[in-house]
Amino acid sequence: MPSIAHKKTVILVAVIVISFLLILRHSPSPDFHKIADSVKGTLHFVPQKKTFQTWPENNPIPETTALQTMNLNEISNLYFNYVNTLQVFCPVKKVYGGVKYGWYTCDVVREDNPKSCVAYMITNRDVTKNFFEELKQDYQCEKNVILKRSPTLEDNSQIETLKSKKVVDYMAIDIREEETLLLSWMLTKDLLKNVRQLLVNFHGIKFDSTVSVYVEHLQVLRALYTEGFRTFHFARNIRCLFAGNWRRTGCYSLYMMREISVSGPIEVFTPETINSKPLVDLATQYNSLLMSSQVHCKEVVRIGDVDDGGWDVCNDLEYRPSKPCLVYSFGVAGDWTFDDEVSRIYGCEVHSFDPSIGKKDHKRSDKITFHNIGLWGKPKGKQGTWNMMNLKEIIEMLEHTGKIIDIMKMDIESSEWSAIPDMLTTGVLKNVRQLDFEFHGTPNPHDLLRSKMKTLRGIYDQGFRLFWSHPNIKGGNPTPFTVTGRQVSSCYENYYLNTNLSKT
């Protein structure tokens, strides 16, 4: 049955179309192109709603009495499964305040006033001014900052102002370890009822947290779910890595939204458009695309180190590796956590490649084989002292022709841009189910951008869709985008699903 929001959208479209016809009838010289563009812009989002997942209703977190009966292993697994789940599909995500310390938002259809919004931040520290400045540039957002000095905000005069707001488009909360108390209090006071997007940094879980601490966090997450908030994005904070356990962190940023129409997904420009577009436009789409999603994977799990070295996998049944499974890992650089974990968790046969670490061919384990070979886009040859092959040759060498490669991950320090076109030409990617890249290179307008965008279009044309992406914020990767001055990254991890190889 269509949702109320969907009915409203259909009614709105009907009204616009009728108005369009009346204008054509009564106006002696209508601005046809302007009106047509307006109608087209509205209609663009109607078919897209059909591709989105059904809004989830059943709360995945049980009630408190059930939570209290769980042991530590059960309840911690429940918590980490929850915070690593994308409950709803947000195709176009925008970061305000910079990729390193900023906040993710979901780009939504603004059916009322597209240049009017209200933004709040509750914090106990200095505010990143770029968050509000960038929101104001895009939507003329009204800035509201509430400094928190006690577990609740009872004594804060700004609460009455918050209560009076009919709509709060963005509510960001970063108060370091007291967020569950604050959120519980705000829920009891109905202070979140008009909030559309809720952005929260959670800090309270530690490596030695007890069952009661997990219960406290899950109670709040359950209440937020009941209130109507669903997670559209999350971020793992590596500053809270568990002592002695590099697989988990106690700090997560959860980005949640109510049921509202969303923009996108982004379709990569066609080769003809890429040839004609100014480099500024191509750079803008490049940075937007590499932060977006084109298909919904609900369960995104980190395999290997939570920090740099691990890789994300879509664990949904349609794409999850199952025995017998095959993984190619290009670029080890001395960090084996992904290769070791993917073989342990899924039981996959893993082939690891890296000519730069000075190791000879060997069996790392009964499931992992290392090859002293590098990947490029030319026939077999030498690059200095390194042995190099293209992907087709490697597949044939390993006698894997025609076999499904469940996951292929590639971190080969900018060589991906010369290797991928060869893969597209030879058609060897058709048997890859999950395809993971780390894309390197300046995010600003430059001469090679047209060929890079054509490569991304080629990936799209062969059935691959982005399910997860995030910027690498280590070292000097965060950098200003010269077109807007906003902070982007020169290095993005991007994760694709081959929609032609879904298991269902």
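Hi everyone. Let me start with a cut-off: a residue is called buried when its relative accessible area is under 20%. Take F370, which comes out at 0% relative accessibility and therefore counts as buried. Do keep in mind that this is a predicted model.

Helix α9 covers residues 211-227, and at 1.5 Å a residue its 17 residues should span 24 Å.

Which residues of α9 are buried? They are Y214, V215, H217, L218, V220, L221, L224 and Y225. If you like reading such lists by spacing, remember that an α-helix has 3.6 residues a turn, so residues three or four places apart point the same way.

And what covers them? The cover includes helices α4 (64-67), α5 (72-83) and α8 (179-188), along with strands β6 (195-202), β7 (230-242) and β8 (245-257). Just after α9 comes G228, with a positive phi of about 115 degrees.

Now for the rings. The model has 20 aromatic pairs. One of them joins Y79 and Y214: the ring centres are 5.7 Å apart and the planes meet at 70 degrees, so this pair is edge-to-face. It links distant parts of the chain, since Y79 belongs to helix α5 and Y214 to helix α9, 135 residues apart. Both partners are tucked away: Y79 counts as buried at 2% relative accessibility, and Y214 is buried with a relative accessible area of 3%.

Back to F370, as promised. Its ring forms an edge-to-face pair with W336, at 5.8 Å centre to centre and 65 degrees between the planes. W336 sits in the loop between β11 (326-330) and α12 (337-346), while F370 is in strand β14 (residues 368-371), so the pair ties together parts 34 residues apart in sequence. W336 is buried too, with a relative accessible area of 10%.

Finally, two arginines to look at on the screen. The charged end of R230 sits over the ring of Y225, 3.5 Å from the ring centre; Y225 is also one of the buried residues of α9. In the other case, R258 places its charged end over the ring of F229, 4.3 Å from the centre.

Definitions and conventions: Residues numbered from 1 in each chain as written. Predicted model: local features only at pLDDT ≥ 70, side-chain atom pairs only at ≥ 80, totals over all residues. Heavy atoms only, no water. Helix = DSSP H or I, 4+ residues; strand = E, 2+ residues; numbered from the N terminus. Expected span 1.5 Å × (residues − 1). Buried < 20%, exposed > 50% of the residue type's maximum accessible area, 1.4 Å probe, protein only. Contact = heavy atoms within 4.5 Å. Phe/Tyr/Trp six-rings, centres within 6.5 Å; stacked < 30°, edge-to-face > 60°. Lys NZ or Arg CZ within 6 Å of the ring centre and 35° of its normal.
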